[in-house]
Amino acid sequence: MVLIKLADRLHNMRTLKSQPPESQKRIAQETLDIYAPLAHRLGVYMIKQELEDLCLRYLDPDGYQNLIIRVGMKRAERENSIREVISDLQKKLEEMNLHFEIDGRPKHFYSIYRKMVLQHKPFEQIFDLIAIRVLVDTVQDCYAVLGVVHTLWRQVPNRFKDYISMPKPNMYQSLHTTVISEKGMPFEVQIRTYEMHRIAEYGIAAHWRYKEGRHVADSLDNKLYWLRQILDWQNDTRDSEEFIRSLKVDLFSDEIFVFTPKGEIVDLPKGAIPIDFAYRIHSAVGNKCVGAKVNGRIVTLDTPLNTGDFVEIITQQNSKGPSRDWLKIVKTSQAKAKIRQFYKKELKDENIATGKQMLDAEAKRQGHHLSTLQKTEYLEPILRKFSFADLEDLYAAVGSGGITSNQVITRLVDEIRQQEKPLIPLQPRVTPGQGTATHTSQGGKTDTGIKIAGLPGCQVHFAKCCAPLPGDEIIGYITRGRGVTVHSKECVNVNASHDPARWVEAEWADTTNTSYNGSLQIHCQDRHNLLADIMSYLTALKITVTAVSARLNPSNQTCTIEMTLQVANKKELDWVIRQLEKRQDTISISRI
């Protein structure tokens, strides 16, 4: 299915000229971000290179055309030089009685363009515009040809790569070396077997129709390991944006190669830490990991690994499992998925409690009551959308990080709005005999900084259910004998009201030099002096705290803090929330 999708995208790119310029750039950028790296990761280089060249054509038309002209200007000279080096190499290989094929190929345009942009090199300083490819029967022949190449021509330092003994994750294998001809022309030589060439050109599925037998099936299964990982990640997170971010990180990451204690090679993205290595070996190793050794020395679990490191994981059978903090420091999507799986399966009861708490906090932050949002008619479409069996599964997914509380509450609110019309009349009216003053067309400003349409000088107080701040859209509710109660228009009680005649238009007036109470709920990792540190942090921000309470959650070593702050408006409260979100111990934060 992935290969079909790549082929479909290639066809779309070939016919992209029929699209308007805006669509051309958008589709080309998407292709360059996702599909070309995906083709590279699967080893389908024919598709990868053509996709990249087509993307360049639409993303930088002038640079593309200029490159075509400059490459073409000296094509004849390069072709003559390449024929000479092929002839010299061919004579030597014939003397060795090897079965081989040689051909020369130019670098594809995007490869040249990328080198000019990333390395800031002018076109004249890009010497390896062509490459010679040698195909032979066996791995031994590959190394024999390499010896001949280095005998004939001088090798460029630090330009030799052995992808045969250390294959790329997409199973690409080849020897790469750059040498300089007698005329001073640098060129690259790629040496591989015919089987390696089929994989390089057509990808990891290239041998399905060529081979049969259990051994080959096992080999192919190993080659498809990364593709299975993608499906695992997608199953473990229902957040499509997070999945795409994880996929991009894995596609674009530079690679390092480390060794197990037995000398086996493990590939990881650059910046990976011992925890990533542990989960690459096996999920059980990662879950029981308590320490690590790198090159025989004990290191912390967040130590970045480098190519050539020998890594040993220290496990403990009675370990309680991975820490949630690991999700913030691991680099591979595989490790994140396995950590979430652990909490999803082993700590379901905890996840249910945590998820319900997070949803409740998010509902309050958006001005709703969770109990109101969880009516069956609103929940069922959401459960179907995310493939949850029941409400507990939804709680558990939120608690384990598989889906965010914001996603769930936002969708629930959208579902309510689709099913019910808001009960907020634009023109308020008062029924005679209700004990309220007759409305006039003149608005009135109160000492609370609120203007109530048609009720000058009336008593005003703020609703405790939503505690509106300047910057929130507001509406007033006429009470019996207590003036007007001001609610946020997003408040659940506004839509739940069965007496729309009591609602009256309200707006903020001059709120300069006036402070209001804004309440927050902070869910964070518990530690010594946590509350004191947060209070000091807010003091440094020049924020006054008028009330605070905290409760410990011993089951998962977290703490829930509720506090009331003096702020000028919603904008200032949002700014405080952003500052608190930057703290490493903050898990989630919401407005009450």
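This is a short chat about a predicted model of one protein chain.

Q: Hi! What should I know before I start looking?
A: Residues are numbered from 1 along each chain as its sequence is written. The model is predicted, so local features need pLDDT of at least 70 and side-chain atom pairs count only at pLDDT 80 or more, while totals for chains, interfaces and linings use all residues; side-chain values use heavy atoms, leaving out hydrogens and water.

Q: And what's pLDDT?
A: That is the predictor's confidence in each residue, from 0 to 100. The chain has a mean of 77, with 79% of its residues at 70 or more.

Q: Which elements have the lowest and the highest mean pLDDT?
A: Strand 12 (residues 444-445) has the lowest, 42, and helix 7 (residues 139-152) the highest, 93. Helices (H or I, at least four residues) and strands (E, at least two) are DSSP runs, numbered from the N terminus.

Q: Where does pLDDT stay under 50?
A: Residues 205-224 are one such stretch, with 16 contacts beyond four places in sequence. Residues 421-446 are also below 50, and there the model has 48 contacts beyond near neighbours in sequence. A contact means heavy atoms within 4.5 Å. Where pLDDT is low, the predicted coordinates should not be read in detail.

Q: OK, how many helices and strands are there?
A: The chain has 23 helices and 21 strands. Of its 592 residues, 46% count as buried, meaning under 20% relative accessible area with a 1.4 Å probe, protein chains only (exposed is over 50%, partly exposed in between).

Q: Let's zoom in. Is strand 2 buried or exposed?
A: Seven of the seven residues of strand 2 (residues 130-136) are buried, so the strand is largely enclosed by the rest of the structure. Ile 130, Ile 132, Val 134 and Val 136 cover one side, with Ala 131, Arg 133 and Leu 135 on the other.

Q: Which strand is joined to strand 2?
A: Strand 6 (residues 186-193) runs parallel to strand 2, with six bridges joining them. Two strands pair if DSSP finds at least two bridges between them. Val 134, for instance, has Ile 191 as its bridge partner in strand 6.

Q: What touches Val 145?
A: Leaving out residues up to four places away in sequence, Val 145 touches Leu 93, Leu 98, Val 134, Val 136 and Ile 191. Val 145 sits in helix 7, and it counts as buried because its relative accessibility is 0%.

Q: New topic: what does Ser 174 do with its side chain?
A: The side chain of Ser 174 makes a polar contact with that of Arg 192, at 3.4 Å. A polar contact is a pair of N or O atoms within 3.5 Å; within protein, one must be able to donate a hydrogen and the other to accept it, and residues adjacent in sequence count only if both atoms are side-chain atoms. Ser 174 lies in the loop between strand 4 (161-162) and strand 5 (175-180).

Q: Last one: which residues of helix 23 are buried?
A: They are Leu 573, Val 576, Ile 577, Gln 579 and Leu 580. Seen down the axis of helix 23, the buried residues fall within an arc of 165°, so they line one face; the arc is that of the directions from the helix axis to the C-beta atoms.

Q: And what do they pack against?
A: The buried residues of helix 23 pack against strand 18 (516-525), helix 22 (530-540), strand 20 (558-567) and strand 21 (586-591).
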